[in-house]
Amino acid sequence: MALNDTTNSTEEAVNSEDDDNNDNAIEAFFAPSNKKENHNGVSTSDFKTGYVAIVGRPNVGKSTLMNHMLGQKLSITSRKPQTTRHRIHGILSNDEMQAVFVDTPGIHRNEVRAINERMNKAAVSALVDVDLVLFVVDSDQWRDDDLLVLQKLGDTNLTVVLVINKADTLKDKGTLLPLIETFSDSFDFADIVPVSALKNQNLNRLQEVIASHLPVAEPIYDTEQITDRSERFLASEIIREKIMRSAGDEVPYDLTVQIDEFKDEPAHTDPKTGRPRKACTFIDATIYVERGGQKAIIIGDKGQRIKQVGMDSRKDMEQLFDKKIMLTLWVKVKRGWSDDERALTSLGY
């Protein structure tokens, strides 16, 4: 009898322990956790998110830096200064952070036309409501426009990281230390990071520095998204880049591109031939220049230049948009558009 009582008591103790374990497991399951996941499946316990403005004088490699940080070409590049005219948002997402980069036009003193004034305003306005600023300079020289940018930054209370680009071009790496000291004496930078944007050198370190200065917050955009700009805008920028690269110094900045039609056509059977047709996007674009001579240069001898621009643009678009593109280009003269406020507004500036 005593043996039976002991056995029952032991069984009751085991059952009680199992019940407690179940209760604890259920309580833990429903309890709020310090480490949550958002709708994108990204852990947000210490996830960093913020806007990062990339500023500097023209032609220091701001667009190249953003493109290589993203691993994707979004902002157009060329050897000409002031290639970037608009603020471009590029979105970098990884397991630790989401940095929304704002690539800006180069800040410069010589506002000779209305478009130059608008480019400066676009660059300065990018400093509003950002969490961090990357101030990009050349590794081997300090210019007046660098000082102008620094003066603009001095009027803010923003956290600024100095990015010394093209560090790989220095023959004597020892000359970098005096340059860093010069920059440090001129401004209270949160960090100083030498990089080579073109050769992807030290960009991992720069990402770590960026993450360290961003606030803890959930991602703003879907983690698969790389920009908030429309395909129409990106298409116009691709065309403009190809013209600038092809024409070289023959065509100045008196050109812009307007997308007249952007039409997606799904896969279907051709009603006339009965043959299947793949999905395709039809794009019609007009290239505006200010003088007839510029129009002739862009078209080229027997139309060869504009043909090559179209082929190169279509190739980049198909790679970026991941779909078949049919591109039609037109060239028109719109005199004085770059110094006409109404024309600038209508053309998206």
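This is a predicted model: local features need pLDDT of at least 70, side-chain atom pairs count only at pLDDT 80 or more; totals for chains, interfaces and linings use all residues.

Residues are numbered from 1 along each chain as its sequence is written, and side-chain values use heavy atoms, with hydrogens and water left out.

**Aromatic rings**

How many aromatic pairs does the structure hold? There are three. Rings of Phe, Tyr and Trp (its six-membered ring) pair if their centres lie within 6.5 Å; planes under 30 degrees apart count as stacked, over 60 as edge-to-face and the rest as tilted.

Select Phe135 and Phe189. This pair is stacked, with 6.3 Å centre to centre and 20 degrees between the planes. Phe135 belongs to strand E4 (residues 132–138) and Phe189 to the loop between helix H5 (176–186) and strand E6 (191–194), so the pair ties together parts that are 54 residues apart in sequence. Helices (H or I, at least four residues) and strands (E, at least two) are DSSP runs, numbered from the N terminus.

Phe187 and Phe189 make a tilted pair, 4.9 Å centre to centre with 45 degrees between the planes. Phe135, Phe187 and Phe189 form one aromatic cluster.

**Helix H5**

Select Leu176, Leu179 and Phe183, which are buried residues of H5. They lie on the same side of H5, because they cover an arc of only 60 degrees around the axis; the arc is that of the directions from the helix axis to the C-beta atoms. Next, select Leu177, Glu181 and Asp185, which are exposed on the other side of H5. To see what covers the buried residues of H5, display E4, strand E5 (160–165) and E6, which are included in that cover.

**Charges over rings**

Select Arg229 with Phe233: the charged end of Arg229 sits over the ring of Phe233, 4.0 Å from its centre. Then select Lys334 with Tyr288, where the charged end of Lys334 sits over the ring of Tyr288 at 5.7 Å from its centre. The criterion is that NZ of Lys or CZ of Arg is within 6 Å of the ring centre and within 35 degrees of the ring normal.

Select Asp146, located in helix H4 (residues 144–154) and buried, with a relative accessible area of 0%. A polar contact of 3.0 Å joins its side chain to that of Arg57. A polar contact is a pair of N or O atoms within 3.5 Å; within protein, one must be able to donate a hydrogen and the other to accept it, and residues adjacent in sequence count only if both atoms are side-chain atoms.

Finally, select Arg277 in strand E9 (residues 276–277). Arg277 counts as partly exposed, at 39% relative accessibility. The side chains of Arg277 and Asp270 are joined by a polar contact of 3.5 Å.

Methods:
Buried means under 20% relative accessible area, exposed over 50%, partly exposed in between (1.4 Å probe, protein chains only). Contact means heavy atoms within 4.5 Å.
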